[in-house]
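Welcome to my notebook. I opened a structure that was new to me and jotted down what I looked up, step by step.

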Amino acid sequence: MNKLFTVRLVLPAHHDADLRQYIEHLLTHPTPHELVARLGGIPAVRDVLETLIHPEVRDPRHAIRLLNAFLADYGLAIRREQDNGAPAWIASGEVTGHPITLGRLTVLRHDYRTLYDAICAEHDLLALLDDALLGSSSALFDPLLTAYVVSEKAGDSTNSSESDSTETSDTLETSRTDDDALPRLDTARHPGLRYLRATAARARTGRPEHLMPLLTLGSTPASRALGSDQAAAIQRELLQRDADALRDRLTVIEIRERVLLAATHALESARPGQDLDNTLAAAVEALSRTPGLADHLNSGTDPVGRALLNLTDRIASRRTEMRAPIAAHHLVGILDLVPPAHLPSLYTSLSTPPSAESGNTPAAEQPAFAWAQALIVLPNDLHSSQLRPALEAYFRTLAGVGGAEELKAWLVDYNESSTERRMLWPQDAYRALLAMATRAADRATAQETRQVIETATSYHLWQRSVMLGVLTWLSSDNDPLRVNAVELLRQRAVPADEWGSATAEGAAFGATLATELLEHAADFLSDDEEAASSEQTAELLHRWLQILGDRITPSGRQVSAVVAETLAQTAHTCSELAAAAARILPDLQQQDAAACAIAIAESIAAPAASDNAVANALAEALLVFMQVRTDDPTVQEAARTSQKALTAGFTGDDVRGTFARRHLAAVMSTDAGREAGIALVDEFTPRLTQHHVALSRELFSCLHTLLDNPATRAARLGQVLKHLYNRMSTQPAENAGFAAHYAADQAVTTQWLTWITQHWTRIPDHERSLALAAAPRPDLDRSNGLPDLLAQHLLDTTETEPWQHAADLWPTVDPDRQAALLVAADGRCPTLAEQAAQASTDVLIVTLRTANVTALPAVVDLISANPQATQAIRDYLDDAIAGREWTEEHAVLIATACPAPGPLWEVLLTALSKGPSTVERVSPLIAALLMQSRAAAPRTIVDEIAPILREATVASATALGHAVRPAPELATALRRTLHGHSKTAAEKERTAAFKQAAGIR
């Protein structure tokens, strides 16, 4: 018409009531539509029309479009709800029983598409919006309504569409406040909310259980449960075995209940076969990998917990219908989520490791590996108590058959585990690592395994299972592994139970794992060719021997016997083991030590073994054994055998003789050596009879070593000296020096003493000192001057030991020698004090005269007990004061040592009158005596000194002032005597000098 007419006619607007009447007329004329009867009459039809024809419908065409859409959906729903012999798409009444809701969805689909799409995505949104629009404050805070809610300050009546007064009045404000923020639905941005608000009250009654049938006119149980098109997505994900997708959904706590319900219904509807296998596997995996699910089971009122138990109940029930089993490690992960009634069945399934996958599947990807990993982290509770035995059995099996690939997988697992996870490793796991490393035969892998075992010490505590693994290393043929095993054992202390009984087949009764380990360590020591590792093994055997010495090994022998036999076989192979033998022999049982010593003695007896470090170390071992004193004849005979081995050929000039002489002194310190002393001296006889062949100093030393034993000396010294007597033309000085060792023995005749005197200058100092033992001999004076030589040796030597004979030598020397002995003694001969106490005055005076300042304190102490000491000191000082040589320090020391100073005062006071020089010598002595004891000074001392002072020069007055300074009262008395004698200048100077020196005014 616009093409024909230029005038446009504007029709008046249609009101919604007119449009509803119009649509009602279409439904009832000329004949009522089938819908009228289906809905139950005109009132019900009018309710639907009020829902369809909302205020935004402005023209008949819009109204007819909405009516046709509703009629099409309703009619299709009628057909799909009918049972025609095939499964119904939807249940009877699921759609046709809710015409109001269907009408609302029709309007939303055509007029408010954005809101409709949101409801399709999350079906609960429609009910939440209705509740919020009807005043439910809790619904406003549901996360699904976040996009539809705004907040405004309390008291602020404006809203986001203030310019639209109609929209402002239509906006619903909620009654709930949160501090100063009031949430409300934003109808300005979402106009569909205004439509829902108008129809919410009518739709609230008779709300459908599931919205999906009304949206799609057909749905699955899963889609009904979730109430959204996400239900189909969840079912699809499960059918595709997409556990990650389901896990991601479960991490969102707000929708967790709906996701669990959807998964449950998806599982219920899954057809046996691939669908069921995939659905179950994905659901279990997702549940096992979602943390925090078990927290929902702590309360019986948690709807998520109920949904979770419902799902796991269906999982446990339908698990038997699967063709392929669920991954065991995923089942382990849901044990805490399964109803208790199903746990026994799961325990049974999980008690057997999954079968290995064929092909080239790596060990770390095998189902059994994942199963074991999951069981390891089970906490120590009911599940662990049921499944831990299966895990331990798995590792025991792995210890028997596992290879390098499995070992590598578990080493990586340990290294990547947290401390908490490592603590949960069973003991048998460490045993399996050690056993698999034995078969791996890779040194680097073995070292890594050892490192793991050592770092896990605080977890496995070296209990029996771990020690069984160490046993596999120690009993293998791989020497590097055996070395590592020994190093591990060296750090271990043997527990009281010795790690339980032995494992060897046919092991002797009472044998323990500890003795089994020791026996294998002994076998390794016998096989090992490396000195360093052998030394470590020997150290281990020694340490454990001290604990297990009398225990039985699996072979039926005592530990001591095993160690002894091993040492006997290996001690001669290197110096380290020979030295170890010396440490171990004392801790062996006596019989075992004897057998070992005999074997070592045989090794030393070999000619080639006499000049090397091994032989010397073996000799030390035998000497240690020989030091043990016992009445056991077997041990004594072994000691004799050892002695013979060590001293064989000791008089020879070859290597063997040198070796024997080197150890002769140590041999002679033992009972077996002393017992053989006479026989050994007799072995020297052939050498001694060769009068024209000189003997080495080493041979003389050996003779001395043998004769140190009193029994041997008594039996053979005379015979030896007789042979030496016949050799005086060959080695006179050496022979005389030899005799000096035994100068006190009567076998050394006067002739020998004379020869000692004759050859004194060629005799070494140490033998001269030994000759001093002849000092007590009554025939010493017939030795042609030996006493003077001995005395001179004492004076020359700095040693202390020879001075023990000084008192015996005293009567045989002249007074000058006696005085020299007193001076040189210096405390080295306390018994010489007895001789000094009886010495004559002349000897004492000579002693005082010859003693230097250093020796003088000891000398005066030595002679202080002599009754003539005071007289000797008096006479000495009387001569010294008037003599040419004067040493003040020397004189002071002697004066203060005088036992009775009275006679000495007489000498000193008398000497003052002999002149100024004498005064200066005497004054320090007077001062020393006054300082020592003022009371000992004579009463007439003032009278004796005063005349000397009055006539004294300045120097003499000064000396006298210093002399009396220690006695101020005496100095004052002397000053008074100068009254009337201080007139001249010289006298005044003298008095002043005295007073200043005396320290008085």
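Predicted model: local features only at pLDDT ≥ 70, side-chain atom pairs only at ≥ 80, totals over all residues.

I picked one to look at: Tyr414 and Trp425 are edge-to-face, with 5.2 Å from centre to centre and 75 degrees between the planes. The angle is over 60 degrees, so the pair gets the edge-to-face label.

Next I checked where the two partners sit. Tyr414 belongs to helix H22 (residues 404–416), while Trp425 is in the loop between helix H23 (419–423) and helix H24 (427–440), so the pair ties together parts eleven residues apart in sequence. Are Tyr414 and Trp425 buried or exposed? I found that Tyr414 is buried, and Trp425 is too.

**The whole chain**

Stepping back, I counted 58 helices and two strands in the chain. I looked up the radius of gyration as well: the chain has 61 Å, whereas a compact globule of 1001 residues would have one near 30 Å. Along the principal axes, the C-alpha atoms fill a box of roughly 180 × 100 × 50 Å.

How much of the chain is made up of buried residues? My note says 50% of the 1001 residues. Of the contacts between residues at least 6 apart in sequence, 70% join residues at least 24 apart.

**Surface and charge**

The chain exposes about 46,400 Å², and carbon and sulfur atoms supply 51% of that. Last, I looked at the charges: there are 88 positive and 125 negative ones, and their mean positions are 4 Å apart.

Key: Residues numbered from 1 in each chain as written. Heavy atoms only, no water. Helix = DSSP H or I, 4+ residues; strand = E, 2+ residues; numbered from the N terminus. Rg over C-alpha atoms; globule rule 2.2 N^0.38 Å. Buried < 20%, exposed > 50% of the residue type's maximum accessible area, 1.4 Å probe, protein only. Contact = heavy atoms within 4.5 Å. Areas by Shrake-Rupley, 256 points an atom, 1.4 Å probe, with all protein chains shown as cover. Lys, Arg positive; Asp, Glu negative; His and termini not counted. Charge placed at Lys NZ, Arg CZ, Asp CG, Glu CD. Phe/Tyr/Trp six-rings, centres within 6.5 Å; stacked < 30°, edge-to-face > 60°.
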